[in-house]
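Please look over the sequence and the structure before reading on.

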Amino acid sequence: MEYIIEKIGMSRTIAVPSVPVTLLRVLEAKVCEVNADKRALVSYVSGKKMNKAIVGQQKKYNLSAAFNRFVTMDVANAEAGDLNTAPLGEAKTLKVSLKTKGRGFSGVIKRHNFGGGPGAHGHRFHRTTGSIGNCEWPGRVQKGKKMPGHYGNTQVTVKNEIVSFDAQNGILAVKGSVPGANGSLGKVRIVK
């Protein structure tokens, strides 16, 4: 089973010893239609995006104007209606997928943890990449070389244990950290 979540932030439990947890809010979602293999078209609220295709889907499935995003997911529901969150109460482990924080175009020291050179006077090798080529053979830069470039803003999936789930407020507390900025949307999938 999959659910759309919003990352709230990190906290810790009150118990001794305390456990670092990440708080995730399970977004309210409506199941529009369910296939035979439990794959469903699900609608959820996100921003104010609106176009004719979204309006058509809202009329077809009798949704309010707030439900403006559609996604296909595995669900526990057998028929259309509110998304069933009961399996989260019994689950032990989740796989959380979110986009990491985007850091734009970054150098090798930030992107790949290169050491860099001395910062003193008389040196030209401060925060630069250094030599990238080889000798006569193969006479080119080989593929996969660690170079400056776009860093972050990639989909990352991590496995976390569930500490608690507040079904009334839809707040999920998972052990440890989760990638992404606070307020970013992602998915969770029940593993066990």
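Two strands count as paired if DSSP finds at least two bridges between them. The model discussed here is a predicted one.

Strand S7 covers residues 93-99, and strand S10 covers residues 155-166. S7 and S10 pair in the antiparallel sense, with seven bridges between them.

**The open sheet of four strands**

In what order do the four strands of the open sheet lie? The order is S5-S4-S3-S6, and the pairing is antiparallel. S5 and S6 are the edge strands, each of which pairs on one side only.

Strand S3 spans residues 29-34, and strand S4 spans residues 39-45. Five bridges hold S3 and S4 together in the antiparallel sense. Within this pair of strands, Glu-33 has Leu-41 of S4 as its bridge partner, and Val-31 stands opposite Val-42 in S4. The hairpin of S3 and S4 has four residues between the strands, and Lys-38 takes a positive phi near 65° there.

On the S5 side, seven bridges join S4 to strand S5, residues 67-74, and the two strands run antiparallel. Leu-41 stands opposite Thr-72 in S5.

Is S4 mostly covered or mostly open? S4 is mostly covered, as five of its seven residues are buried.

**Salt bridges**

Side chains of opposite charge can pair when their charged atoms come close. A search of the whole structure finds four salt bridges.

| Pair | N to O distance |
|---|---|
| Arg-39 and Glu-2 | 3.9 Å |
| Glu-6 and Arg-25 | 2.7 Å |
| Asp-82 and Lys-30 | 2.9 Å |

Arg-39 forms its salt bridge with Glu-2. Arg-39 lies in S4 and Glu-2 in strand S1, residues 2-12, so the pair ties together parts that are 37 residues apart in sequence. Arg-39 counts as partly exposed because its relative accessibility is 27%. Glu-2, at 12% relative accessibility, counts as buried.

Glu-6 and Arg-25 meet through their side chains in a salt bridge. This pair links distant parts of the chain, with Glu-6 in S1 and Arg-25 in strand S2, residues 20-26, 19 residues apart. Is Glu-6 buried or exposed? Glu-6 has a relative accessible area of 19%, and buried means under 20%, so Glu-6 is buried. Arg-25 is partly exposed, with a relative accessible area of 32%.

Asp-82 forms a salt bridge with Lys-30. The two residues belong to distant parts of the chain, Asp-82 in S6 (residues 81-82) and Lys-30 in S3, 52 residues apart. Asp-82 has a relative accessible area of 51%, and exposed means over 50%, so Asp-82 is exposed. Lys-30 counts as partly exposed at 24% relative accessibility. Salt bridges that share partners also join Glu-2, Arg-39 and Asp-74 into one network.

**A patch of positive charge**

Which residues gather in a patch of positive charge on the surface? They are Lys-101, Arg-103, Lys-110 and Arg-127. Lys-101 lies in the loop between S7 and strand S8, residues 105-106. Its relative accessibility is 47%, and for this reason Lys-101 counts as partly exposed.

Conventions: Residues are numbered from 1 along each chain as its sequence is written. This is a predicted model: local features need pLDDT of at least 70, side-chain atom pairs count only at pLDDT 80 or more; totals for chains, interfaces and linings use all residues. Side-chain values use heavy atoms; hydrogens and water are left out. Patches are made of residues with over 30% relative accessible area and no salt bridge: like charges are joined within 9 Å, nonpolar side chains (Val, Leu, Ile, Met, Phe, Trp, Tyr) within 5 Å. Accessible areas come from the Shrake-Rupley method with a 1.4 Å probe; for residues, only the protein chains shown count as cover. Lys and Arg count as positive and Asp and Glu as negative; His and the chain ends are not counted. The place of a charge is taken as NZ of Lys, CZ of Arg, CG of Asp or CD of Glu. Buried means under 20% relative accessible area, exposed over 50%, partly exposed in between (1.4 Å probe, protein chains only).
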